[in-house]
Amino acid sequence: MSSTRYDRQMRLWGENGQKLLSSAKILVLDAGATSAEAAKNLILGGISQLTMCDSPKRMVEERDLGNNFMTSLSFEKGDEDEGDDDANDDALVLERTKRIKRGDMVCKHLKLLNRNVEVNFWEEDPREMIERFRRGEEDKEEDKEELRHHRLQDFDVILASQLDEPTMIKLDDICQKLGKKLLTLRSNGCFGTVKISGAKTHCVVEAKPENRKMDLRLSESGVFTELEEFAEKFEDLEAMDEQRFAHVPWAVLLLVAKKRFDEKQRQTLEDGDYEAQKQFKEFLKSMRRTKTELNFEEALENVRMAWQKPDVPENVSECFEKLPREFRSVTEEGDGVVMMDTETTLSSSDVVSITDVGASDVSTKLFWIFVAALEEFTKRNKKFLPLDAGALPDMTSTTDAFVGLQRVYLEKAQKDQREMLRIVKETIVPNLKTTTRSNDNNSTSVRHGSKIVDVIEKDVDEKQLEEFCIKFCKNARDIRFVSFTSLADERDIWRWENKPEHEGKKAQVASFLAVDSPQRVCAYSYALLRASDAFEAKLCRKAGTYAPEEGVDNVVASSGTEKGKSMLFHRMTSDCAELRALVTKNLEAAMFQSFSTSTSPTKMDVVEKPPSDDADAVNDDGGNGSNNIKAAKAEEAGKFLERLAWEVVRSQGGEIHAVASVVGGVASQEAIKLITGQFVPSHGRVCVHLADGSSAVLP
């Protein structure tokens, strides 16, 4: 791997992240503008291999030349052009280009971007491929030798673009069984969307949040012996000269001030005694010689750290709650082995299955083992997490003082890391063995538990285990567990299926569709995208177009002639009404419920709010004022939906390059998160609408 070639991006996700990226194999279904943009970004990022699957019957079309930068006119003469002096005539060049397979041309252009990436063209219709894999016939192909070299389980991430909802649900089901991450992306006119599914969960160690909470252990319960001993070197502040006094690190100043502060009041600082905290702040101010010492300014800005209580962040608590029961500590009871009760009683649906962990990759197995160790660590250390030496901020200080303080924190962090590693080896792994042996009535648990133990004892050497421990402890405060909604469940939510487990997300959908929601453009646009799939399945044509059997040329209908305008307007009007009906059929209950009394208009709004005079007038109409307001807002919602439906019909399912570029960029970014295990991927459906300039993450 070249360190100079990828130098800039390695500053973002590090050498280890680039190493994972450089070994990643990606499958991209479809060779359209959106998927080509995603593939371009991944290839420039330095993945190992990209395979693009596209129908061999799909040739380059004129619209591809306009919206897909990975296609171009072909000036290479074919056999049929031999002896033709006008072979480079514009019309002939266009005709020659139309005889080239779209996937083949896109792959050739992609290869030019990065010679270190292997780019392959898989000649098969994605829909036929998905159906073949769904039937389990991937190993039964005898007449298609080349297909036997392509198996979904060989790829790390699968990107599927411009496929209809039923087809994507089939693919999602296959990816779930294989434990593969699936990214589905669509762009339709000015609207685009990206969704992660497939494998239901994803574990993140290096979340890299923008604002990390500092943990310097300055409170009474948190300060450790080595830090106290270091602070004692600075206790005689009065004997220091001006230069040294102004360069005592602010963390040390807080410890010195606390030691001098009234003992009774000091004990109440962590209990939230506001008066004691206020007096401590005034006491710290009184220790200054002048008002120009920057170290005291820093100490006053961070004074709350002097009484900061230990806490387990919500994201870490969620990981504890999801921890498989087999990982937890055990106690002897008679001749059997019994699981220890956790602080909270969790239902089986709240925890991750050990079967899923056993079927996961090595990094996920290690993640859950260290989550179990972290839970045990917090119990032994008053809810404190392992110290991160790198969290020490810059301070006004002499070089010697800061380096010395840094060394104290580093040694403490290394001590915590050794304790975590000891818990893994001496507590978690032995407990896991004992638990799995005791569950004789559950052979599946035994089998997967043994696999997890084998990862530690056989598949991961000592150096790798130590490296993972260091990384985990450094990021212990920011670990994440992300779960993804399957496409089938998402379909049921947007169909408003009456299932108790979906009620929470249905309420979120209703809030997005509300008149005063700033995200309603994206919510309605996604509902219309689903409706356009149902429309095409029902009428065998895209909204706004004519089917071949109707005998109408779509090019003529889309022309600027009076006849073309008339034909197109008639078709768009009827198709728009059909799309509205399809959306309303599923979401009427959500669209017209809980209308608020104020609205936040977006750029796509087409109806003004009802005049306040009208609202006042109906208040005297026997109490029907609120009903009339709701009716007016329901009418507004209907007209708003109609405006967006016109946009969908007008696009005729086409991909606009600007939209494809944004959607492809988002998809490649999410793919990199999944591959590197860094940053937190989106748990919902990312939607963008470039005409409105809005974006949203839908449930």
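## A buried arginine and its partners

Let's start with Arg102, which forms a salt bridge with Asp64, their closest N and O atoms being 3.9 Å apart. This pair links distant parts of the chain: Arg102 sits in helix H5 and Asp64 in helix H3 (residues 62–67), 38 residues apart. Keep in mind as you look around that this is a predicted model. Arg102 counts as buried because its relative accessibility is 5%, and buried means under 20%. Asp64 counts as buried too, at 3%.

Arg102 also meets the side chain of Asp30 in a salt bridge (3.0 Å, N to O). Asp30 lies in the loop between strand S1 (25–29) and helix H2 (33–45), so its pairing with Arg102 ties together parts that are 72 residues apart in sequence. Asp30, Asp54, Arg58, Glu61, Asp64 and Arg102 are linked in a network of salt bridges.

## Another link across the chain

A search of the whole structure finds 46 salt bridges. One of them joins the side chains of Arg217 and Asp416 (3.6 Å, N to O). Arg217 counts as buried at 7% relative accessibility, and Asp416 is buried with a relative accessible area of 1%.

## The nonpolar core

Which residues touch the most other members of the largest nonpolar core? Among its 43 residues, they are Leu218, Leu227, Trp250, Phe280, Leu284, Leu405 and Tyr409. Helices H8, H10, H12, H13 and H17 each supply at least two residues of this core, and H10 gives the largest share, 8 residues.

## A negative patch

Helix H8 (residues 225–232) contributes the largest share of the patch, 3 residues. Glu226 lies in H8 and counts as partly exposed, at 33% relative accessibility.

Notes. Residues are numbered from 1 along each chain as its sequence is written. This is a predicted model: local features need pLDDT of at least 70, side-chain atom pairs count only at pLDDT 80 or more; totals for chains, interfaces and linings use all residues. Side-chain values use heavy atoms; hydrogens and water are left out. Helices (H or I, at least four residues) and strands (E, at least two) are DSSP runs, numbered from the N terminus. Buried means under 20% relative accessible area, exposed over 50%, partly exposed in between (1.4 Å probe, protein chains only). A nonpolar core is a set of buried Ala, Val, Leu, Ile, Met, Phe, Trp, Tyr and Cys residues joined through side-chain atoms within 4.5 Å. A salt bridge is a side-chain nitrogen of Lys or Arg within 4 Å of a carboxyl oxygen of Asp or Glu.
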